[in-house]
Amino acid sequence: MTAVETPTTSAAARPSVGRAFTALLWRDVFVTGREFVPFLLQVVLQPVFLLFVFGKVLVELGFTSSAYADVLLPGVVSLAAFLTALQNTAFPLVIDFSFTKEIEDRLLAPLPTALVAVEKVVFATLRALVAAAVMFPIGLWVLGSLPVTWSDVPVLVFFLVLGSLVGAAIGMTLGTFVKPNRINVVFAVVLTPLLFTGSTQFPWPALDQLRWFQVVCALNPLTYVSEALRAEMAPEVPHLSLTVCALALTGFLAVFGVLSLVGFRRRALD
């Protein structure tokens, strides 16, 4: 008598979607663990020097007051998280789709194409959170104090996660819609405005006298990460409300989340 495999047995033999997703994520985490020091050097050098020069050197020279460090630190932490998520999604995708073709191995995994893209976003978010976490002890070392209490942690983590997800979604949008031979030009055009219009070095409400620039900064999602962290870490400084920041970041995540999935699917099918 010939044994016939039932549909239940066949389904059980196939790896689950969750297990495949976890395996892909663990592989990326494991590779990062082996290259942890180069990763840290890559993501924290720019924020560290920004914090050291503007928050320490200029204060010691008398060009800024010591209170400016309270304005700057939340912005620098936000910058580290946001840019890490953006860069660690965009650049690997450009390489995977154009040179190494490593993305083909991932697309062969027993996962929907959309979940392969989501794994990339989740992994970039994890790297961004590590970069942000490292900035707190560095801030304590450079500035000598840290305006954070344990009660602030839940709010800080919430907005860092939300901001990192937005940064990763923007990175995936750039990495899938921009041609590989144009990515360096696009990053040069995009990163500098992101850096200087993200309210990392000044509170957004203080721009009332420069209305056009205030409007430009309002179009930058990094502004809302900086303002949310500033509201929690330096509440005495003028800032946007946490509700406004959460709604704005959720809107950016919805828009760029859809665009990134569309772009990823288009490149994957190509």
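Reader: In residues 155–178, how far apart do the end C-alpha atoms lie?

Author: This is a predicted model. UniProt, in an unreviewed entry, lists residues 155–178 under "transmembrane region". The span is 96% helix and 0% strand. Its end C-alpha atoms lie apart by 34 Å.

Reader: And how far apart are the end C-alpha atoms of residues 240–264?

Author: The UniProt entry, which is unreviewed, also has residues 240–264 as "transmembrane region". In the model this span is 92% helix, with 0% strand. The distance between its end C-alpha atoms is 33 Å.

Reader: Is Arg267 buried or exposed?

Author: Arg267 belongs to helix α11, which covers residues 242–269. A residue is called buried when its relative accessible area is under 20%. Arg267 has a relative accessibility of 16%, so Arg267 counts as buried.

Reader: Which residues is Arg267 in contact with, leaving aside neighbours within four places in sequence?

Author: Contact here requires heavy atoms within 4.5 Å. With those sequence neighbours set aside, the partners of Arg267 are Phe97, Gly175, Thr176, Val178 and Pro180.

Reader: How many disulfides does a search of the whole structure find?

Author: A disulfide needs two cysteine sulfur atoms within 2.5 Å. For Cys217, the nearest cysteine sulfur belongs to Cys245 and is 13 Å away, and Cys217 is in no disulfide. Cys245 is in no disulfide either, its nearest cysteine sulfur being that of Cys217. Over the whole structure, the number of disulfides found is zero.

Reader: What is the relative accessible area of Cys217, and what is that of Cys245?

Author: Cys217 is buried, at 0%. Cys245 is buried too, and its relative accessible area is 0%.

Methods:
Residues numbered from 1 in each chain as written. Predicted model: local features only at pLDDT ≥ 70, side-chain atom pairs only at ≥ 80, totals over all residues. Heavy atoms only, no water. Buried < 20%, exposed > 50% of the residue type's maximum accessible area, 1.4 Å probe, protein only. UniProt positions renumbered as here; feature names shortened; annotations may be inferred. Helix = DSSP H or I, 4+ residues; strand = E, 2+ residues; numbered from the N terminus.
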